[in-house]
Amino acid sequence: MIVMIKASFIGIGKIGQTIAYSAITRGIFDEVVLYDIIPELPEKFEHELRHALASLRIDTEVIGTNSIDDVTGSDIVVISAGRPRKPGMSRRDLFADNAKIIINLAKELPKRNPGAVYVMVTNPVDMMASVFAKYSKEYVISTGDQVESMRLRAYISKILHVPVSQVDGFVGGEHGEDAVVLWSTVAVNGKQVEDLPKEQIEKYVKSIPGDIIRVMGGTTWGPGTIIADIIKAIVLNENRVMSIAVPRQYEDEIIHISIPTVVGSKIGPTLEDHLSEDDRWHLIAAMKDYYSVYKDMLKSIKTEGEIVS
């Protein structure tokens with residue numbers, strides 16, 4: 001039986017366009033909806049994609065729209081709507097403004113897309129996934145630290161002068177400046193490497209996004225390709241291990257913290273039990289910090305004149 005896959009991309013700014021292009025040109029969708037509130041943007045991006053798909057001979061139907069009512073019947077919904085990070089900003093600086101957008105989408109999307117898998121990209125990505133889950137009661141994953149994990153592997157490949165395909169390793173915790181390298185997962189050609197410059201590597205993984213944003217105005221090609229890989233793993237049921245954040249109960253909230261996780265048409269299990277004791281300790285510490293900051297951030301949101309609790 002042929003499975004027909006419909007995907008919707010919500011928010012098609014710089015990173016949204018890159019993710020959509022990277023995913024759609026892999027030929028894994030039958031139909032795609034591109035939604036944004038900016039007049040004409042979805043329609044003109046639709047034409048750009050149609051031109052690219054014609055050259056690639058990919059028969060995906062693409063619809064650009066400014067109407068949320070057109071976002072219906074999706075199997076997978078990728079959300080990158082919101083303000084982007086600018087030079088000098090942390091991801092957490094975006095929380096209040098972007099949370100309001102995500103809460104609105106949490107109210108509008110599920111009733112039009114029953115049973116869809118939701119993939120959060122909007123920053124601060126883990127907290128936005130938690131906000132979406134809180135207000136939609138739907139299953140949503142955050143793209144989490146898969147981007148950091150690929151930055152980790154790329155840098156180790158560069159400094160050791162080895163093919164990147166021979167490097168393994170994951171980053172976990174909260175996406176961004178508080179992410180932690182899970183050193184028990186790092187290997188080259190299947191073997192642990194002694195005397196790695198860990199401090200230098202950790203600094204690179206955390207600082208390179210800001211450096212790219214300062215010079216290039218944003219990170220696009222790296223995250224766009226990596227997030228398209230996550231989408232592809234779900235759609236094609238690849239069962240790849242990726243460092244994404246899945247919902248978990250922590251005290252009175254659903255939170256999202258990245259842990260290496262099997263990603264396919266079903267998400268999980270995580271590989272948490274296979275990590276070293278030290279790595280698990282860092283993840284527990286990340287959960288505690290995330291929860292504390294997230295609870296404070298929630299107090300800053302106002303919806304319909306009321307403080308969110």
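Helix 5 (residues 146-160) has 15 residues and spans 21 Å from its first C-alpha to its last, close to the 21 Å expected at 1.5 Å a residue; the expected span is 1.5 Å times one less than the number of residues. Helices (H or I, at least four residues) and strands (E, at least two) are DSSP runs, numbered from the N terminus. The model is predicted: local features need pLDDT of at least 70 and side-chain atom pairs pLDDT 80 or more, while totals for chains, interfaces and linings use all residues. Residues are numbered from 1 along each chain as its sequence is written, and side-chain values use heavy atoms, with hydrogens and water left out.

Just after helix 5, His161 has a positive phi of about 60°.

A pocket is an open set of points on a 1 Å grid over the protein atoms alone where a 1.4 Å probe fits, with protein on both sides within 12 Å along at least five of seven lines; lining residues have an atom within 4 Å of a point. A volume is the space filled by probe spheres set on the points.

| Largest | about 880 Å³ | 42 residues |

Helix 5, helix 6 and helix 7 each supply at least two residues to the lining of the largest pocket and of the second largest pocket.
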